[in-house]
Each structure stands twice: as C-alpha cells, then as structure tokens.
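Subject: Model for your review

Hello,

Here is the structure I promised to pass on. Please have a look at it, then read my notes below.

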Amino acid sequence: MAKLNVAPTKSNLLAIKEQLAISTEGYDLLEQKREILVMELMRIVEKVKKLEEEIDGCVAKAYPALMEMLMETGGEKVERIARGIDYDFSITGKPVSVAGMSFTSLDVVLPKRQLFTSFLDSSPQTDQVMTQFFELLSLLTKMAGIRTIAWRLALEVKKTQRRVNALDKMVIPQDTETVKYIESVLEERERDNVFVMKSLKKRQGN
C-alpha cells in the first residue's frame with residue numbers, strides 16, 4: 001500500500017497518528033453498524049417471505065372464487081355490480097425507524113369494506129369474493145411497505161459496506177504505512193544527529 005505524500009516531520013506524524021486512530025475507531029463503529037443492518041435486513045426478508053406465503057394462499061382462494069362467481073352470475077352482471085361499487089384509498093409516506101435509522105415507507109389507508117348483498121341483485125357470494133380480494137389488497141399494501149423498507153435498508157448496507165472496505169483496504173493501511181515511514185525517517189535522523197553530536201564532542205575533546 002502506497003503511503004501518503006507528506007513531509008516526514010513530527011507534526012505530520014502526530015496528525016497521521018490521530019487520523020489513524022479516528023479511522024480505526026470509525027471502522028469498528030461502521031462494522032458494528034453493518035452487522036446490525038444486515039441482521040435487520042434478514043429479519044425483514046423473513047417477514048417478506050411470510051407475507052408472500054399469505055399472499056399466495058389468499059390468491060389461491062380469491063381468484064377461484066371470482067371465477068366461480070363469474071360462471072354462476074355471468075360476466076355482464078358482475079360488471080354491472082362492479083360499476084356500482086366505489087372505493088377510495090390514500091397513499092402517503094410514513095417515517096419508519098429501523099436499527100436507529102429513519103426510512104420512509106408507504107402507508108396505504110384502505111376504505112372501510114361494505115357489504116353489497118341484495119345491492120343490484122347481488123348475492124352473498126359477491127360479498128365473499130369482495131372480502132377475499134379486500135384481504136388480498138391489504139396484504140399487498142403491507143408487502144409494498146415492507147419491500148420499500150427492505151430496499152432502502154439494502155442500499156444502506158451496501159453504502160456502509162463500501163465505507164468499511166474503503167477504511168479497511170485503503171485509508172487505514174495507507175495511514176499505517178505513512179506512520180511507519182515517518183517514524184523510520186525520524187529515527188534515522190535521530191541516529192544521524194547522535195552520530196554528529198558524538199563526532200563534535202570527540203573533536204572538541206581533541
């Protein structure tokens with residue numbers, strides 16, 4: 001590893017040693033942060049997997065129920081019922097704290113589900129299908145929110161890992177090499193000075 005291009009002086013030695021101490025401490029803190037972030041990311045990934053299983057189970061119920069309703073009720077009647085149903089929802093950003101860090105996730109406010117039995121000559125089967133799709137919608141909004149956090153957290157892990165690597169592979173070795181170089185130069189100068197002083201004393205003694 002190449003050393004820093006600085007003059008081998010005592011003041012520079014003190015400055016580089018201080019910088020090295022800060023870099024080493026920073027490396028330890030960043031490594032701890034990276035480990036915490038990775039653990040949190042793994043925890044969230046497990047949540048995503050569980051949600052995926054719930055969504056798969058919900059889809060396995062909702063779509064067959066919809067197909068059965070279409071076959072029994074007829075596409076035109078289902079379309080007429082759908083036109084008579086009006087739901088509204090809102091999507092906003094929601095601050096989330098993970099591992100002491102703030103992220104912005106999605107917050108979806110779903111409307112209160114209504115029952116439509118006998119509405120436009122609908123049947124209890126209509127309410128059943130709507131209930132299942134409402135559940136699916138709720139799970140999908142949860143998934144959107146948690147995936148947003150996972151994505152942001154993964155970016156933070158990557159960013160932290162780059163900083164850890166920079167300190168470990170470049171900054172700390174470079175500072176260490178510079179300290180060694182300056183110390184060796186100063187020691188050599190000290191030996192030269194001692195030799196010169198001894199020579200002067202010897203001449204003066206003669």
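Of the 206 residues in the protein chain, 29% are buried (buried: under 20% relative accessible area; exposed: over 50%; partly exposed: in between; 1.4 Å probe, protein chains only). This is a predicted model, in which local features need pLDDT of at least 70, side-chain atom pairs count only at pLDDT 80 or more, and totals for chains, interfaces and linings use all residues. Residues are numbered from 1 along each chain as its sequence is written, and side-chain values use heavy atoms, with hydrogens and water left out.

Overall layout
The chain has 3 helices and 2 strands (DSSP runs numbered from the N terminus: helices are H or I with at least four residues, strands are E with at least two). Their order from the N terminus is α-α-β-β-α. The C-alpha trace spans about 125 × 25 × 20 Å along its principal axes. The radius of gyration is 34 Å, whereas a compact globule of 206 residues would have one near 17 Å (taken over C-alpha atoms; the globule rule is 2.2 Å times the number of residues to the power 0.38). The accessible surface is about 14,000 Å², with 57% of it belonging to carbon and sulfur atoms (Shrake-Rupley method, 1.4 Å probe; for residues, only the protein chains shown count as cover).

Cores
The largest nonpolar core has 19 residues (a set of buried Ala, Val, Leu, Ile, Met, Phe, Trp, Tyr and Cys residues joined through side-chain atoms within 4.5 Å). Ile-44, Val-98, Met-143, Ile-146 and Leu-153 have the most contacts inside this core. Helix 1 (10-73), strand 1, strand 2 (101-109) and helix 3 each give two or more residues to it. Helix 3 gives the most, with 8. Leaving out residues up to four places away in sequence, Met-143 touches Val-48, Leu-51, Glu-52 and Ile-55. Another core, of 10 residues, lies apart from the largest one. Among its members are Leu-20, Val-164, Ile-182 and Leu-186.

Leu-186 is in helix 3. Its relative accessible area is 17%, so Leu-186 is buried. The C-alpha atoms of Leu-186 and Pro-8 are 7.1 Å apart, though 178 residues separate them along the chain. Gln-132 is also placed in helix 3 (residues 124-205). Gln-132 counts as buried because its relative accessibility is 15%. Beyond its neighbours within four places in sequence, Gln-132 contacts Cys-58, Lys-61, Ala-62 and Ala-65.

Salt bridges
The count is 8 (a side-chain nitrogen of Lys or Arg within 4 Å of a carboxyl oxygen of Asp or Glu). One joins Glu-40 and Arg-43, at 2.6 Å from N to O. These two are 3 residues apart in helix 1, so about one helical turn separates Glu-40 and Arg-43. Glu-188 and Arg-191 pair at 2.5 Å, N to O. Both lie in helix 3, 3 residues apart. Asp-168 bridges to Lys-169, with the closest N and O atoms 3.7 Å apart. Lys-169 is exposed, at 56% relative accessible area, while Asp-168 is partly exposed, at 32%.

Regards

Key
Contact means heavy atoms within 4.5 Å.
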